[in-house]
Amino acid sequence: MTTEQANAMDEARQAVSSATADRLLERLAELVSARAGAHAVFGEPVRQDNFTVISVARVRWVFGGGGGHADGHPSGPASGSGGGGGVAADPIGYIEIGPDGATFRPIREPYPSPLLLIAAGLTVAIVIRSLAPLTRR
């Protein structure tokens with residue numbers, strides 16, 4: 001675990017122990033959004049001679065929480081709360097800055113999207129099925 005991750009965990013623990021449910025969700029959103037970016041995926045821009053390369057990522061984050069309270073519990077009043085979240089990041093390209101200006105260079109997936117492959121397979125199956133009666137004559 002890096003120092004930055006340890007600091008984030010400490011801040012999250014402090015937020016959990018000292019906040020109401022609403023403030024807890026606000027604090028979790030602040031902590032996650034502050035760390036969910038291309039910097040978290042790739043680090044600092046790279047500079048060499050007259051060129052700078054800045055990584056670009058698609059970052060998604062989600063979090064949630066909840067709580068409850070039951071007064072009629074057999075062993076007395078009961079309450080509880082919890083929360084969690086996650087972050088996903090995908091590299092999508094980089095910005096190359098040089099003497100001639102800046103250019104975005106996308107990173108292409110080496111393989112087609114699984115959804116594209118499924119759609120293509122279904123299309124082929126439909127075409128073959130529609131042509132089958134013509135070949136039986």
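# A predicted protein, read from its last helix

Leu-122 has its place in helix α4, which covers residues 114-135; helices (H or I, at least four residues) and strands (E, at least two) are DSSP runs, numbered from the N terminus. The model is predicted, with local features requiring pLDDT of at least 70 and side-chain atom pairs pLDDT 80 or more, while totals for chains, interfaces and linings use all residues. Residues are numbered from 1 along each chain as its sequence is written, and side-chain values use heavy atoms, with hydrogens and water left out.

## Overall plan and confidence

The protein has 4 helices and 4 strands, and when these are read along the sequence they follow the pattern α-α-α-β-β-β-β-α. Of the 137 residues of the protein, 11% count as buried (buried: under 20% relative accessible area; exposed: over 50%; partly exposed: in between; 1.4 Å probe, protein chains only). The accessible surface of the protein comes to about 10,600 Å², and 58% of this belongs to carbon and sulfur atoms (Shrake-Rupley method, 1.4 Å probe; for residues, only the protein chains shown count as cover).

Among the contacts in the protein with a separation of 6 or more, 46% are made by residues 24 or more positions apart (contact: heavy atoms within 4.5 Å).

The mean pLDDT of the protein is 76, and 70% of its residues reach 70 or more (pLDDT: the predictor's confidence in each residue, from 0 to 100). Confidence is lowest in helix α3, residues 38-42, where the mean is 65, and highest in strand β4, residues 101-106, where it is 94. Where pLDDT is low, the predicted coordinates should not be read in detail.

The 22 residues of α4 should span 32 Å at 1.5 Å a residue, and the end C-alpha atoms of the helix are 31 Å apart, which agrees (expected span: 1.5 Å times one less than the number of residues). Because the number of buried residues among the 22 of α4 is 0, this helix lies largely in the open. Leu-122 is an example, for this residue is exposed, with a relative accessible area of 53%.

Together with Leu-115 and Ile-118, Leu-122 forms a nonpolar patch on the surface, and the three residues have about 340 Å² of accessible area together (patches: residues with over 30% relative accessible area and no salt bridge, like charges joined within 9 Å, nonpolar side chains of Val, Leu, Ile, Met, Phe, Trp or Tyr within 5 Å).

Thr-52 is found in strand β2, residues 51-70, and with a relative accessibility of 16% Thr-52 counts as buried. Leaving out residues up to four places away in sequence, Thr-52 touches Pro-45, Val-46 and Arg-47, and also Ile-95, Glu-96 and Ile-97.

In strand β4, Ala-102 counts as exposed, at 57% relative accessibility. Apart from its neighbours within four places in sequence, Ala-102 is in contact with Ile-95, Glu-96 and Ile-97.

Once residues up to four places away in sequence are set aside, Gly-86 touches Arg-60, Trp-61 and Val-62.

| Pair | Separation in sequence | C-alpha to C-alpha |
|---|---|---|
| Gly-86 and Trp-61 | 25 residues | 5.7 Å |
| Gly-84 and Gly-64 | 20 residues | 5.7 Å |
| Ala-102 and Thr-52 | 50 residues | 9.2 Å |

## A salt bridge and a loop residue

The side chains of Glu-96 and Arg-105 meet in a salt bridge, with 3.3 Å from N to O, and the count of salt bridges comes to 1 (salt bridge: a side-chain nitrogen of Lys or Arg within 4 Å of a carboxyl oxygen of Asp or Glu). Of the two partners, Glu-96 is partly exposed, with a relative accessible area of 23%, and Arg-105 is partly exposed too, at 35%.

Asp-49 lies in the loop between β1 (46-48) and β2, and this residue is exposed, with a relative accessible area of 75%. The phi angle of Asp-49 is near 55 degrees, which is a positive value in a residue other than glycine.
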